[in-house]
Amino acid sequence: MTLHYRCPICSTPLTEQNKTLRCDHNHQFDVAKEGYVNLLPVQFKNSRQPGDNLDMVQARRAFFATQHYQFLQTHLAHTISAMPCASVIDLGCGEGFYTQAIASALPETSQVFGVDISKPAIRYAAKRYPQVHFSVASIKDAPFTAGQADVLLSVFAPVFAEEMARLLKPEGHLLVVSPGPKHLYELKQHIYDDVRLHDAPDCPPGFVEVEQLHLEQTQQVATDIVKHLIKMTPFAWKFKESHYQTLEQAPDHQVTFSFLVTCYQKA
Ligand SMILES: C[S@@+](CC[C@H](N)C(=O)[O-])C[C@H]1O[C@@H](n2cnc3c(N)ncnc32)[C@H](O)[C@@H]1O
Ligand SMILES: [Zn+2]
């Protein structure tokens, strides 16, 4: 069975005709010129601009363009392409850095979806990666029919376990990427006297852990790129002008990139 979008208003399946997705109750959603579909009705928005804003999206793009995270991207594409995988959903996909690599590694017959609540991120993704089906939607109430995804991916995005269990096939896999113990340790030393290491993530309720891999590299990162990287982090607001001035005294910085890639299946 193929994976289908469902209506965010009445939850019945959507079918596409002439660049419009329509449900049995005649709720309609147009495919934007960039190729994505907006499945976040205005009445479901908590703010005018939910999710990551354009500034954060641009910082992330500038950082990703440097390929410092390529080792994670390659690992995810390789791991997912080795799984039985007709349908993948990247939940909270941002601008599609990982989604695109996964789509390229899979046969053309596979369906790859990327969902994010941030319109600037999805517009960017859809313009560049036409082989992925992108939508603006909440992953708390994801716009897909139940039990049809072979693989769900969540990279540094919120985890809604119940919704993930609804989306996944009984034998499907959930891959969650979370920060490893020393992720960005050197940058945190600028702002915290006592840097706390990241804990391993809790197993999402309704799932069992199958495997966990720790990927870590320490790389030299140019100061301009470090500034983009900081903007992508939850501690960006702690970086004051004086911290940036200290960073600017060196042309580059050593930074540890540490990721836990945890694979789960439904319990
Ligand atoms: C740290 S970013 C990670 C983006 C991408 N996975 C990556 O690693 O490049 C978290 C993403 O989750 C999205 N997000 C947060 N809450 C969401 C929700 N309820 N529904 C969909 N996306 C959400 C944000 O807009 C943002 O793009
Ligand atoms: Zn409907």
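A crossing of two helices is left-handed if the near helix is turned anticlockwise from the far one by less than a right angle, and right-handed if clockwise. The model is predicted: local features need pLDDT of at least 70, side-chain atom pairs count only at pLDDT 80 or more, and totals for chains, interfaces and linings use all residues. Residues are numbered from 1 along each chain as its sequence is written, and chains are lettered from A and ligands numbered from 1 in written order.

Helices (H or I, at least four residues) and strands (E, at least two) are DSSP runs, numbered from the N terminus. The axes of H1 (residues 54–64) and H7 (residues 223–231) come within 8 Å and cross at roughly 135°. Axes are lines fitted to C-alpha atoms, for helices over the stretch in contact; angles run from 0 to 180 degrees between N-to-C directions. H1 and H7 cross in a left-handed sense. In H1, Asp 55, Met 56, Ala 59, Ala 62 and Phe 63 meet Ile 225, His 228, Leu 229 and Lys 231 of H7 (contact: C-beta atoms, placed from the backbone, within 7 Å).

Eight strands form an open, mixed sheet in the order S4-S7-S6-S5-S8-S9-S11-S10; pairing requires at least two DSSP bridges. S4 (37–38) and S10 (207–222) are the edge strands. S9 (residues 168–179) and S11 (residues 252–266) run antiparallel, joined by six bridges. Leu 175 has Cys 263 in S11 as its bridge partner. H3 (residues 97–105) packs on the sheet, touching S5, S6 (111–116) and S8. The direction of H3 makes about 175° with that of S6.

Methods. Contact = placed C-beta atoms within 7 Å.
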